[in-house]
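Have a look at the fold below before reading on.

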Amino acid sequence: MAIRTGADTVVRAVPTRRQQLRGAIDNGLLRPGPDHTYADGDDSTWIEVDWPSMTRRVTVDGREVNVVDTGGSTQPTSSAGTGGQPAMVFVHGLGGAWQNWLLNIPAFMGSHRVIAPDLPGFGESPMPREEISIKGYARILDGLLDQLGVESAVLVGNSMGGFVAAELALSFATRVERLVLVSAAGLSIENYAREPLLVGARVWAGTATWLGARGRSVVTRPRMRRIGMQLLVRYPEKLSPQLTFELARGAGTPGFVPALKALLSYGFRDQLSRIEVPTLVVWGRNDMLVPRGDAREYVGLIGDNARREMFEDTGHLAMVERPTRFNRLLEAFASGAHEPETGVEGVNN
């Protein structure tokens, strides 16, 4: 199925098998080698943070949600940082946890109140009371922000987290001041065959549990990091063992397969035009999990208030693979810049 997004541009919403194979070869095998800006995060920025002092359990819908909250205020506010900056909420993806944002939270915690939850069924948050659904996750986020006294915030979501953040902007519009979708799920996945994906997910969940149990022995070896994370990042061997270990914490959690079912059973493309807040769509050009054509499609469906930024030679986790670039782009966008990529090296529209 093709979608026309401009006078001369046609993007396939669902890649053909030949395109998928070509993409796997280009993104998985034909790798030119990372440049100096790849994996340029400084581990000391997050290793030295006192995370336990900012981590707590908040009861939402009768279940506890594990959340990192750098502000800790319970007074209603739309901005809990210095200079009236809006609060920021980071939402991880399928198989992830709040640790997916370790290279980003420290960059903003001095100027913004930053909130990063484990979605129910992932990380340290138990399964929700009801069956996992995208709408249910959005409702839980709304309830969490209510409990934390945050009236509105900049929502930043990766993969499934982008799907959930966009749903929050649709179902609870006043909660979202600005929206950032990082390789967001929710479009092409609705056309994939359900049963093969679920079978593969169960196999992956079992493998991830096995790998997680042997975490440190796996992540210390660059070749094993590449085998374990090639689908997620462009150059897994360049990530530090410490960071890779933290990223692997979300593997094998009970919410993985139910959340994938939720991804496959809900679509919202016909509603995206109702998102009226400024929206930034960030994608890695070599994403092996969500087709890069989805970035252009998100922008086309949302409208003129959305803009697309492509990261060259980057996979599914732009915020992990190129944290300096990502943080500069996010800082400019959150501050209201109309063209946040101005002056940011390596970003293309």
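This is a predicted model: local features need pLDDT of at least 70, side-chain atom pairs count only at pLDDT 80 or more; totals for chains, interfaces and linings use all residues.

What does Phe268 contact once its neighbours within four places in sequence are set aside? The list is Phe163, Ala166, Glu167, Leu170, Gly186, Leu187 and Tyr298.

## The chain as a whole

Zooming out, the chain carries 13 helices and 11 strands. Of its 349 residues, 54% count as buried. If you take the contacts with a separation of 6 or more, 75% of them are between residues 24 or more positions apart.

## The second largest pocket

This pocket has a volume of about 160 Å³. Its lining is made up of 15 residues, with Asp61, Pro128, Arg129, Glu130 and Ile140 nearest the centre. By type, the lining splits into 7 nonpolar, 2 polar and 6 charged residues.

Which elements give two or more residues to that lining? They are strand S4 (63-69) and helix H4 (134-147). H4 contributes the most, with 4 residues.

## Loop residues to check

Two residues have a positive phi without being glycine. For Ala39, phi is near 50°, and the residue sits in the loop between helix H1 (17-28) and helix H2 (44-47). Ser183 has a phi of about 45° and belongs to the loop between strand S8 (176-182) and helix H6 (194-213). Is each one buried or partly exposed? Ala39 has a relative accessibility of 24%, so it counts as partly exposed, whereas Ser183, at 0%, counts as buried.

Ser240 is another loop residue, found between helix H8 (222-229) and helix H9 (241-247). Its relative accessible area is 18%, and because the cut-off for buried is under 20%, Ser240 falls on the buried side. Where does the side chain of Ser240 reach? It gets to the backbone nitrogen of Leu243, at 3.1 Å.

Key
Residues are numbered from 1 along each chain as its sequence is written. Side-chain values use heavy atoms; hydrogens and water are left out. Contact means heavy atoms within 4.5 Å. On a 1 Å grid over the protein atoms alone, a cavity is a set of points where a 1.4 Å probe fits but cannot get out, and a pocket is an open set with protein on both sides within 12 Å along at least five of seven lines; lining residues have an atom within 4 Å of a point. Grid points are joined across faces, edges and corners, and a volume is the space filled by probe spheres set on the points. Ala, Val, Leu, Ile, Met, Phe, Trp, Tyr, Cys and Pro count as nonpolar, Asp, Glu, Lys and Arg as charged, and the others, Gly among them, as polar. Buried means under 20% relative accessible area, exposed over 50%, partly exposed in between (1.4 Å probe, protein chains only). A polar contact is a pair of N or O atoms within 3.5 Å; within protein, one must be able to donate a hydrogen and the other to accept it, and residues adjacent in sequence count only if both atoms are side-chain atoms.
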